[in-house]
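Trainee: I would like to go through this model with you and ask, for each label, what it rests on. Where shall we begin?

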Amino acid sequence: MITAALLLDLSTAFDIVDHQIFLEKLQKYKLSPQSIEWFSSYLSRRSQVVQVESKFSEPEEIEEYGVPQGSILGPLVFIIFNNDLPASTKDGESVLYADDDTINVSAPNPEILQHKLQTEADNSTSWITDNRMVCSGDKTKLLILGTDQLKRSRLQGQRISVSVCGNSVEASKSEKLLGVMVNDQMSWSNHLHGEQWRDSDNATGLISQLSQRVGLLRKVSIYMPRKKKI
């Protein structure tokens, strides 16, 4: 089997959570009327101001969507709102972390893989539309995972792509997922050494960054008292 991972991008996800849809989902999850009323009170009648130095703008009322970012409840509200997105998948697996959704599908040949990928992409984008969210097709990424030998034998030179929100997403060699560089062979080379890891002069990976910082600390330590070093 060969596996593909579709890294779906939700644009401005926290800012466009629809309050009415969220409250309806709380009813589906059998929360008490008092709890739903509390959440409704928490989200409604909010306003915001902009501060520039010591000056404040006039308060502006916020529309009936969005969750307060930076708050304790903000991520929880979004997770509850987004919780049923994996239910839209049929032949794959949807892995959620906050507003990052990765859809994984496997198939024995490129034709079935292509069909499964497109079906899952269509199902997910339908959920996004139904829940009044926004999908960014140009920021969505695709990885075809496996060893070079496996991909040569299974794909036989055939290219895999998927249409997401009107954009054709082609497979890439590596992408950043939750701060980690993941490549199509599931190795750590890109994360540790960077994209140009064979050229030491252009290395941008974790090891290069750590080496630079250690070198800087070594230079600064010459001028630091012994107690500060400890």
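Trainee: Leaving aside its neighbours within four places in sequence, which residues is threonine 140 in contact with?

Mentor: Contact means heavy atoms within 4.5 Å, and by that test threonine 140 is in contact with Leu6, Leu7, Leu8, Asp9, Cys135, Val164 and Val169. Before we go further, note that this is a predicted model, in which local features need pLDDT of at least 70 and side-chain atom pairs count only at pLDDT 80 or more, while totals for chains, interfaces and linings use all residues. Residues are numbered from 1 along each chain as its sequence is written, and side-chain values use heavy atoms, with hydrogens and water left out.

Trainee: Why is threonine 140 called buried?

Mentor: Buried means under 20% relative accessible area, exposed over 50%, and partly exposed in between, with a 1.4 Å probe and protein chains only. Threonine 140 has 3% relative accessibility, so it counts as buried, and its place is the loop between α4 and β8. Helices (H or I, at least four residues) and strands (E, at least two) are DSSP runs, numbered from the N terminus.

Trainee: What makes a set of residues a nonpolar core, and which residues touch the most other members of the largest one?

Mentor: Such a core is a set of buried Ala, Val, Leu, Ile, Met, Phe, Trp, Tyr and Cys residues joined through side-chain atoms within 4.5 Å. The largest has 40 residues, of which Leu6, Phe22, Leu113, Met133, Leu142, Ile144 and Val164 touch the most other members. Elements that each supply at least two of its residues include β1 (2–9), α1 (19–28), β7 (100–107) and β9 (161–164), and the largest share, five residues, comes from α4. Apart from it lies another core, of five residues, including Leu7, Leu143, Leu145 and Val182. In soluble globular proteins, nonpolar side chains tend to be buried together.

Trainee: Why is isoleucine 2 called buried?

Mentor: Isoleucine 2, in strand β1, has 0% relative accessibility, so it counts as buried. Leaving aside its neighbours within four places in sequence, its contacts include Val105, Leu113, Ile144 and Leu155.

Trainee: Which residues of α1 are buried, and what covers them?

Mentor: The buried residues of α1 are His19, Ile21, Phe22, Leu23, Lys25 and Leu26, and what covers them includes α2, α3 and α4.

Trainee: Why is lysine 30 called exposed, and what is its phi?

Mentor: Lysine 30 has a relative accessible area of 72%, so it is exposed, and it is found in the loop between α1 and α2. Its phi is positive, about 65 degrees, although it is not a glycine. Most residues other than glycine have a negative phi. Threonine 12, in the loop between β1 and α1, also has a positive phi, near 40 degrees.

Trainee: Why is serine 153 called partly exposed?

Mentor: Serine 153, in helix α5, has 43% relative accessibility, so it counts as partly exposed. A polar atom of its side chain lies 2.9 Å from the backbone oxygen of leucine 150.

Trainee: What makes a space a pocket, and what volume does the largest pocket have?

Mentor: On a 1 Å grid over the protein atoms alone, a pocket is an open set of points where a 1.4 Å probe fits, with protein on both sides within 12 Å along at least five of seven lines, and lining residues have an atom within 4 Å of a point. The largest pocket has a volume of about 300 Å³, a volume being the space filled by probe spheres set on the points, which are joined across faces, edges and corners. Of its 14 lining residues, the closest to the centre are Ile144, Lys151, Leu155, Ala171 and Lys173. Helix α5 (residues 148–155) gives the largest share of the lining, four residues.

Notes. A polar contact is a pair of N or O atoms within 3.5 Å; within protein, one must be able to donate a hydrogen and the other to accept it, and residues adjacent in sequence count only if both atoms are side-chain atoms.
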